[in-house]
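The sequence and structure come first.

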Amino acid sequence: MSEFGGDIIVNTHFNSPEHLDIPPADAQRDLAVKNDTLIASPHPPSPKTIDVAHSFPETTIQAHTAGWTVFRNLYMANGTLYVVSSLPRSSFPDIRFITSTGLPAENTPESVAQRMPTSENLDFITPEQASARWGPIEPLGANRVWSVEGNTFLVNDPSQFLDHYYHFCAELLYGAWAFWSGAHNAYVDPLTPDVSTAPPFDRFIFAHTEAHGWRDRPGFNSYFLRAAFPSLTVEVQQDWEDRIAATAATGIHARAWRFDTVLFTDRSAAFRGEVCGMQVHRTAGAAVHYMNKVGNLTKLWWEPVRRSVLRFAGVDEETRDIGLRVERNTMARVKKPMDGLPLPGTHELAKRQEVVVTYISRQGARRHLIDEDHAALVNALEEMCEAHGWELNIVQAERLSKEDQLALVSRTTILLGVHGNGLTHLILMAPTPISTVIEIFYPGGFAHDYEWTSRAMGMKHFAVQNDTYYTHPVLPWVAYPEGFQGTQIPAYAPTVINIIEDRVAGKLPNSDFEESIMRVNYDF
């Protein structure tokens, strides 16, 4: 998987008006405290339809961080997005952290310059200027503005990073739902984990890619999207061009679209920010980090999406509930110290959880282990699982149906494999105290893709380079040495076996999991 490196990192001016992290409006709402857990007040009813025939409702930003912005009343005419506001432009974030020209990214100064946005991409006008452009032609007439009601997810990226399972599902969708949920201070009740108080998306618009451009070759992008958001309407570049053409006229035929509520995302803008550009190199990282920072992301925010996809794949409720059952058991034991009883360690939790080890083999793909090392690893895994009574699955994902792949990963405790697309399934695993992702790299190589995503999911990640492993917070530098994409990747089996056994035994605990469950409220 190639690493995005197209942007020169610029000073983001986090403390100046040029780049404003804007807290979600709902963060201002009163919060109720129940059992030491912060519970968001019920989400307010959706606003009534606005009559734009006789007014120009002003644009507001509900939440913003680099690459992710939630707008209310965003306008578009002839391909330019417009913020209509009586506030000065300095009240809004610098447009470099909102949008770009949407061109493909290359790691060259020329490409960086070509993707820098201008007023042709996003402009600011006053209500009076909007009236002069799109106001009534005759006295008492109607404005020439047409509303696109509901909630729109507007993706300003080319297909370069959309036609890939990881980048589409584990970055774009994962980040989008995090930012959208946080912007609405959404809550997921552990007793009804299929439901979020976040309002649903009505449409996705891929402004710079055709219908095939957001679909991956194995077909998981469309499968995941339709399973997670079954009522969603999808528009692509041709549809966006239709909207542009319909508003291209000038003079008395000038007109504009007004989008009610928009989650706008731009990959290049995200990489200009500190978190994505300098720290994790994942666009979703900016969204998740920010919403966690302001305290608007509950522990179970991703659970309704995960469960929806698994249910679509035919996974039974008992399996979908694995993570929640373990968390309830953990919470019950967390209460024991209050009664003067000791808190069991991770190894005691594992006794109540079935251990399922899944090795995704890439021996039929372009990037894979040395054949002898693969054979040794398989033998070692078989011996380990037989000795402990654990379930072992050694699979080539491309030989399984989508349903079989998701059924397997939904039960998986330990997921391992060479750096590659199959590890994206981790976003559908059940986070538990011993849930683990082991990613094998060519020595000297490392990428944040699955490492960051594993931690964001609440799971422990190990980067293995032959006989050496790394785990957060001690990580190697991002690197793609010669051999990274090759067929001679070494793997010392005893290192992998030791990681698995030590994880299950509680010798390599995931302290973040224990802390995170305190954010979940269960009624015992």
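## Basis

The model is predicted.

## Helix α2

Helix α2 covers residues 127–134, and its buried residues are P127, A130 and W134. Viewed along the axis of α2, these buried residues fall within an arc of 55°, so they line one face of the helix. E128 and A132 are exposed and sit on the face of α2 turned away from its buried side.

The packing partners of the buried residues of α2 are strands: β4 (68–77), β5 (80–84), β6 (122–125), β7 (145–158) and β10 (256–265).

## The six-stranded sheet

An open sheet is built from 6 strands in the order β12-β11-β13-β14-β15-β16, and its pairing is mixed. At its edges are β12 (391–395) and β16 (468–470), each of which pairs on one side only. On average, neighbouring strands of this sheet are turned by 20° against each other, with direction ignored.

Within this order, β11 (residues 356–360) and β13 (residues 414–418) run parallel and are joined by 4 bridges. T358 has L415 in β13 as its bridge partner. In general, strands of a sheet pair through backbone hydrogen bonds, in either a parallel or an antiparallel manner.

## Helix α16 across the strands

Helix α16 (residues 493–505) lies across β11, β13, β14 (436–440), β15 (460–465) and β16. The helix runs at about 165° to β15.

Notes. Residues numbered from 1 in each chain as written. Predicted model: local features only at pLDDT ≥ 70, side-chain atom pairs only at ≥ 80, totals over all residues. Heavy atoms only, no water. Buried < 20%, exposed > 50% of the residue type's maximum accessible area, 1.4 Å probe, protein only. Helix = DSSP H or I, 4+ residues; strand = E, 2+ residues; numbered from the N terminus. Arc of directions from axis to C-beta. Contact = heavy atoms within 4.5 Å. Pairing = 2+ DSSP bridges. Axes fitted to C-alpha atoms, helices over the stretch in contact; angles between N-to-C directions.
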